[in-house]
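Dear colleague,

Please find the structure below, together with its sequence. My notes on it follow, and I should be grateful if you would read them alongside the coordinates.

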Amino acid sequence: MAALDLGTNNCRLLIARQGNGSYQVIDAFSRIVRLGEGVSQSGRLSDDAMDRTIEALKICAAKMERRGVTLARAVATEACRRAANCGGFVGRAQDEAGIALDIITSGEEAELAFRGCTPLLDRDTPFAIIFDIGGGSTELGWLRLGAQRQPEIIAWHSMPYGVVSLTEEFGAEATGGEAPLTFYRRMVDKVVHELEPFRRAIGAGRHIGEGKVQMLGTSGTVTTLSGIQLGLPRYDRNVVDGSFLRFGDVERISHDLATRDCRGRAQLPCIGIERADLVLSGCAILSAVCRLWPVGRLRVADRGVREGILMSLMTGTAPDNVYLDAAAPMAAPAATTAPGRQLQAAEDR
């Protein structure tokens with residue numbers, strides 16, 4: 001099986017072998033392509049961004065062919081949802097790389113990401129807040145858990161800000177004599193304002209006060225901060241995935257990054273040049289989440305949409321066309337958009 005997640009910032013692939021009710025990952029690929037670069041301002045995918053992404057998709061297609069993949073799904077998210085010229089890009093992906101991209105709704109993106117992360121949740125804690133900080137959007141979910149049942153998504157929300165779109169609005173660092181921490185706090189306040197309606201809708205405050213809520217985050221932001229907190233000389237998924245971050249450490253590391261320019265951030269292990277201009281906006285989104293839902297700590301997941309896709313392929317819950325095209329998984333027609341789930345929330349839940 002293969003799962004390809006084409007986001008606003010990254011192109012990621014997992015190839016796995018199914019067996020005994022689970023799967024084993026046998027190959028993977030990840031590349032920062034910045035497909036959504038400038039989309040929040042122009043409303044279009046740039047030629048350079050499309051060219052970079054097509055090259056990455058060709059590598060993915062070659063890996064799938066080499067591994068003999070017989071069942072696959074490739075999805076695209078916020079950048080393609082927003083871009084007026086995404087149809088032309090989807091056609092290029094099909095014609096040049098042989099990959100049929102399915103442009104999914106924010107609702108399905110959230111559901112896949114949450115499904116991929118649920119193995120890390122503590123079933124003895126009755127509620128969970130899960131979030132996925134992407135390049136063009138951030139998905140959040142309010143879940144109910146039980147020992148004898150699958151986690152239930154009570155409510156979800158997609159915020160149209162991710163690390164790319166927030167950086168494009170504010171910039172990568174303070175300018176014009178503005179104090180670095182003042183610049184950073186402006187970004188945090190912006191995100192808090194955007195998320196406040198969802199905070200009111202789910203009404204989680206009482207449950208948080210009673211210790212009945214856990215938090216789990218999946219994104220390059222939380223994994224990077226975990227790597228920094230753990231003092232890793234280089235990023236190691238096996239150490240980071242499933243680790244914990246205390247909110248005090250989130251604030252300490254975020255403030256340190258805010259006082260550095262992009263060059264200074266790039267010198268830190270687990271960040272590097274490719275992430276240096278985006279990591280602070282991710283920290284701002286994370287800090288806003290921590291402020292609105294003061295759980296105290298969060299579990300870090302280096303998993304998400306791809307794992308959710310693999311689980312759906314394995315359990316037969318992926319869209320029908322995926323299975324109909326299983327004999328030639330990458331030769332499906334141009335993208336379709338799957339229906340999303342609407343926000344379901346009540347103050348008394």
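Buried here means under 20% relative accessible area, exposed means over 50%, and partly exposed lies in between (1.4 Å probe, protein chains only). The model is predicted, so local features need a pLDDT of at least 70 and side-chain atom pairs count only at pLDDT 80 or more, while totals for chains, interfaces and linings use all residues. Residues are numbered from 1 along each chain as its sequence is written, and side-chain values use heavy atoms, with hydrogens and water left out.

Confidence

The average pLDDT (the predictor's confidence in each residue, from 0 to 100) is 90 for the protein, and 93% of the residues score at least 70. Residues 329-349 fall below 50, yet this stretch has 65 contacts in the model beyond near neighbours in sequence; a contact means heavy atoms within 4.5 Å. Where pLDDT is low, the predicted coordinates should not be read in detail.

Nonpolar cores

A nonpolar core is a set of buried Ala, Val, Leu, Ile, Met, Phe, Trp, Tyr and Cys residues joined through side-chain atoms within 4.5 Å. The largest has 57 residues, of which Phe131, Trp142, Leu257, Leu286, Trp293 and Leu298 touch the most other members. Helix H14 (residues 279-292) supplies the largest share of this core, 10 residues; helices (H or I, at least four residues) and strands (E, at least two) are DSSP runs, numbered from the N terminus. Leaving aside neighbours within four places in sequence, the contacts of Leu298 include Phe131, Met215, Phe244, Leu286 and Cys290. A second, separate core of 33 residues includes Leu4, Phe89, Leu101 and Ile103.

Positive phi values

Most residues other than glycine have a negative phi. Arg34, in the loop between strand S3 (22-32) and helix H1 (39-42), has a positive phi near 50°. Its relative accessibility is 18%, so Arg34 counts as buried. Cys270 lies in the loop between helix H12 (262-266) and helix H13 (272-275), with a positive phi near 75°. Cys270 also counts as buried, because its relative accessibility is 15%.

A buried arginine

Arg306, in helix H15 (residues 305-315), is buried yet has no salt bridge, and the nearest side chain of opposite charge, Glu307, is 4.3 Å away. A salt bridge requires a side-chain nitrogen of Lys or Arg within 4 Å of a carboxyl oxygen of Asp or Glu. The side chain of Arg306 does reach the backbone oxygen of Leu13, at 3.2 Å. Not counting residues up to four places away in sequence, Arg306 touches Ala3, Asp5, Arg12, Leu13, Leu14 and Phe29.

With kind regards

Key. Lys and Arg count as positive and Asp and Glu as negative; His and the chain ends are not counted. A polar contact is a pair of N or O atoms within 3.5 Å; within protein, one must be able to donate a hydrogen and the other to accept it, and residues adjacent in sequence count only if both atoms are side-chain atoms.
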